[in-house]
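I opened the notebook to record what I looked up in this structure. The entries follow in the order I made them.

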Amino acid sequence: MEFFTISLLNGLSYGLMLFMLSSGLTLIFSMMGVLNFAHASFYMLGAYFAFALSQSVGYWPALLIAPLAVGLVGAAFEQLCLRRVHKWGHVPELLITFGLSYLVLEVVQLIWGRNVVPYGLPDQLQGPLFTLYGTQFPKSRAFVMLVAVLMLGAIWLVLQRTRIGLVIQAALTHPDTVQALGHNVPRVFMLVFGGGAALAALAGVVAGNTYVTEPAMAYAVGSIIFVVVVVGGMGSLAGAFLASILIGVVQTFAVAIDVSLADLLGAAGLKVASGNPMEQALRLTVAQVAPMLPYLFMVLILIFRPRGLMGTRED
Amino acid sequence: MSASTMTTARGRWLAWGGLAAVLIAAPWIFRSSLALNMLSQMGYLIIICLSYNLLLGQGGMLSFGHAVFTGLGGYAAVAAIGYVDGHGVAFPLVLMPLVGGLMGALVSVPLGYVSTRKAGTTFAMISLGIGELVVAFAIMLPDLFGGDGGISINRTYGKPWGGITFGPQIQLYYLIAAYCFICTALMYAFTATPLGRMLNAVRDNPERAQFVGYNTQLVRWYSFIIAGFFAGVGGALGTINFEIFNAADSLSGMRSGAYLLFTFLGGVTFFFGPMIGAVLMVLCTVLLSEITAAWLLYLGLVFVLMIMYAPGGVASLIMMNVRMARAGKLGRFAGLYGALVLACALLMLGASALIEMIYHMQLNAAIGSEVKYLGMRLDAATVAPWLGAVAVALIGALAVHQVGRRFAHAWGKAQEEIEAGLQHGGQTA
Amino acid sequence: MTCALELKNLCKSFGKTEIIRGANLAVRAGERVAIIGPNGAGKSTLFNLISGRLAPTSGEVLLNGTRIDGKKPFEINRLGLSRSFQITNIFPRLSVFENLRCAVLWSLGYRYTFLRFLSSLHDANARADQLVAQVGLAAKRDVQAVNLTYAEQRALEIGITIAGGAQVILLDEPTAGMSTTETARFIALIREVTEGKTLLTVEHDMGVVFGLADRIAVVVYGEVIAFDTPEAIRANARVQEAYLGSSVAEAQEGAH
């Protein structure tokens, strides 16, 4: 029971973190048709900016300033580079965000080195929030969940209840009409891209010291959020939420399960002969297979339900 | 896909004869063993990049997982050599790349089926996910895929083939060169077949392709399998060249990214673009990486600038000039080109000085603050070199901006003249 | 007599919005039918339903007696139905000749082969050249389609549509955006290339409609409210009301 609850909570917090990232990605994709390959790079920048800022002005101001700074970077990139290639279609757009991710990685490594940086938790977030059955649930993880939920609420509020949100929703499917109505669609694009970058950075700020901050963090989480978006259905925020939680929870559970197919067969009375070519595959525990699970999910979804869990947009 | 350079039979003979001549003569012109190594790498990378462009340039399918097919092709070759060597079967090395190709094609069948149901951005993401899946899978089974140490082979296994052992690099080079020529010819031939042309049509307008009777998914899937075959051949040659297969490296996303980057740099809109890309890839990874620690940064910058200002890559830049020369108008740009080159040189000088100094401070600060830059010694601890570099870079940037604008204007005018001439003539280049 | 194309109680809803509410139509083989109706009546949606771009919510579409509703576009095309689009839908980076050659490949049985060179497919090349001449683009044979003028692209679109030899042709606003002279030329072209075939065309230009069509179908609010000869349609009160509103009725009232 305790394993279940703790794993569930950990899985939820990881899943919510994934959602923070994939929500921005989905918004940018729905809005502009651009798949932002550099989204995870903004996440990484957020963590590093917060690390640098927390050393000078402290963590809590960094929580606000770092996402804003990265948002500015994103907006500048949209203005200077993305806009230029927009007219050539989606492939060049994807390529330029890919190039950006390359550059960000290099610059980050240049400034902060290739190793893990000691981006630590502030005093208020250290220690356990509560202790359940002898296992601690850290305050930092709960904080990640809190920030994620607040972010989700804020996005929903902005989109549904404000004027700019209405414009964004309209421009989501009919950008030309919205522009014809006099709205500055390019500016809205810049806002959405910058906003998406800021959201990713916020995720980085809170996740960077809860997990680890190093140059490989972008690549590690980058491919998973693409899986989330494909599994959830391109262009669906609800789908991204569902997929994030699903993948987060499943992967957290899987990492803790030390059972392999061989064990299951053994329980049924069948022993796996040593030396047979399938032996190693059968002896793989679920924990060892865990890194592969999100991608397996994606392939299964593509075979059985190609539009994703809640996909609406026909690509 | 423009083939205007090769529409005449004479042009065709020249091009293919030229390629054969270059492949044969290259080791005699560049004689060092380093050069031979680089030429060998270029040989199979040409096959790989061309196979990649079959997907991207010809089919509009942007793949982030091409290393799966090259890597598994390499794996098949290594496994086959291990088996053949261990069991004393007579299967010559010259046929091993075909084993790799078969593996690539085989794996493309299921993976392609799943990927090609969607196009565009979804396809790209699926390819990324599948790439990660395969890498994770391979790492999980070290018994099968060799683990951290990889699987080594000896390419001189078995009896010599007609007196050739393939031990010396020069012998392997000619094997690679032969495959390079044949595969290039085959892939070029593909572009002139119904499937090849329909692939272009599906790229341009998948809906219209449906409405002329074609199942677009099948067109993409079949082409995917063909690309997978050639990728496997290239990958097999690569592993044979280095005599080792390492799952984490050969199948990695980084490698896929490199194929993408350099194929794009070479140019995706012309058939020969990826060949240039392959050459650039070897030059950068072998030579540039030795010259400067900042080579990845330079690469990234060039890539982004290419997308923004020359999305057709180096090949398109070459062809634009060829077209201008054919119309007899290239001469007038001599002065502007000179000025542009100068301006770019200034900008690059200043910018790279800055980058080199930053890199030095970050990576080699322990050695001291002196940076060796183009024969000069810059003391990065003092302010002077920084100011100088910034100044040069700024002047260069301004110059590029000004000259570039004038250049673009003149170029545009020349283009208009060509168009007008064509309208009158009723023909087109 | 079997109809070339038949719609039976065709319905299409997008979510809760009903766009097509039970359309019925029976087009005889070799007939030329013009589909007219106010904007938003669902004419393009009907075309999309017939050609397989959309699947109907309910109802049937029959091509020469066989049901084609729910089939994929390429399946329907292979059964002998071809369409053009309101917004030009060609292969922009291929030349005029290549565009037309791609359009004939399937109908000549070349499928997915990669073992033959295009240059050796003499029948495909001959047919493509014939089509190039027929649509009047011989002078621009090797020009990339994206570089053609608007009218030329529309002509190419027609060429692609008829290339495969389909017997039922759907043209969605073929003369949209053309000048009067271009339109006249175009209508002559359409008449020539659809000789002996069944033609359905959506049109707004009444001159074209009344000159080209054997029968006219009037679509209002997702239903076919009338399907008759041009003269009968002109005199049809329901049609007049749909187009002119109830002002006719008012005028008649006022006259008393």
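**Entry 1. Domains of chain B**

I am working from a predicted model. I began with how chain B is divided. The assignment gives domain 1 as 4-311 and domain 2 as 327-425. I looked up the distance between the C-alpha centres of domain 1 of chain B and domain 2 of chain B, and it is 33 Å. Next I checked what joins these two domains. Four residues of domain 1 of chain B are in contact with four residues of domain 2 of chain B. On the domain 1 side I found three nonpolar residues, one polar and no charged.

**Entry 2. Which chains touch**

I asked which pair of chains shares the most contacts. Two pairs of chains are in contact, and chains A and B share the most. No contact joins them. Their closest C-alpha atoms lie 12 Å apart.

I went back to chains A and B for the residue counts. Chain B brings 36 residues into contact with 38 residues of chain A. On the chain B side, the elements giving two or more residues are helix H5 (120-140), helix H6 (142-145), helix H14 (295-309) and helix H16 (334-363). H5(B) gives the most, with 14 residues. I sorted this side of chain B by class and got 25 nonpolar, seven polar and four charged residues.

**Entry 3. Chain A as a whole**

I noted 14 helices and two strands in chain A. Its C-alpha trace spans about 75 × 45 × 40 Å along the principal axes. I checked the radius of gyration against the globule rule. A compact globule of 315 residues would have a value near 20 Å, and chain A has 21 Å, so the two agree. Of the 315 residues of chain A, 47% count as buried. I also looked at sequence separation. Among contacts in chain A between residues at least 6 apart, 79% join residues at least 24 apart.

**Entry 4. Helix H2 of chain A**

I picked out helix H2 (residues 39-56) of chain A and tested its length. With 18 residues at 1.5 Å a residue, H2(A) should span 26 Å. Its end C-alpha atoms are 26 Å apart, so the expectation holds. Is H2(A) mostly covered or mostly open? I found it mostly covered, with 14 of its 18 residues buried. After H2(A) comes Gly58(A), and I noted its positive phi, near 100 degrees.

**Entry 5. The nonpolar cores**

I looked up the largest nonpolar core, which has 280 residues. Which of its residues touch the most other members? They are Tyr43(A) and Ala201(A). Helix H8 (residues 185-210) of chain A supplies the largest share of this core, 16 residues.

Leaving aside neighbours within four places in sequence, Ala201(A) contacts Phe42(A), Tyr43(A), Leu45(A), Gly46(A), Ala66(A), Pro67(A), Val70(A) and Gly71(A).

**Entry 6. Chain C as a whole**

I noted 10 helices and 10 strands in chain C. The radius of gyration of chain C is 20 Å, close to the 18 Å that the globule rule gives for 256 residues, so chain C is as compact as a globular protein of that length. Along its principal axes the C-alpha trace of chain C spans about 75 × 40 × 35 Å. Of the 256 residues of chain C, 43% count as buried. Among contacts in chain C between residues at least 6 apart in sequence, 66% join residues at least 24 apart.

**Entry 7. Two residues of chain C**

I started with Glu173(C). It sits in the loop between strand S7 (168-172) and helix H6 (180-193) of chain C. Why does Glu173(C) count as partly exposed? I found 19 C-beta neighbours inside 10 Å, and buried would take 20 or more. Beyond four places in sequence, Glu173(C) contacts Gln86(C), Val202(C), Glu203(C) and His204(C). Thr201(C) is 28 residues away along the chain, yet the C-alpha atoms of Glu173(C) and Thr201(C) are separated by 6.8 Å.

I turned to Ile76(C), in helix H2 (residues 73-78) of chain C. Ile76(C) has 26 C-beta neighbours inside 10 Å, so it counts as buried.

Conventions: Residues are numbered from 1 along each chain as its sequence is written. Chains are lettered from A and ligands numbered from 1 in the order in which they are written. This is a predicted model: local features need pLDDT of at least 70, side-chain atom pairs count only at pLDDT 80 or more; totals for chains, interfaces and linings use all residues. Two residues are in contact if their C-beta atoms, placed from the backbone, lie within 7 Å. Helices (H or I, at least four residues) and strands (E, at least two) are DSSP runs, numbered from the N terminus. Ala, Val, Leu, Ile, Met, Phe, Trp, Tyr, Cys and Pro count as nonpolar, Asp, Glu, Lys and Arg as charged, and the others, Gly among them, as polar. The expected span of a helix is 1.5 Å times one less than its number of residues. A residue is buried if 20 or more other C-beta atoms lie within 10 Å of its own, exposed if 12 or fewer, and partly exposed in between; C-beta atoms are placed from the backbone. A nonpolar core is a set of buried Ala, Val, Leu, Ile, Met, Phe, Trp, Tyr and Cys residues joined through C-beta atoms within 7 Å. Domain bounds come from an automatic or database domain assignment. The radius of gyration is taken over C-alpha atoms; the globule rule is 2.2 Å times the number of residues to the power 0.38.
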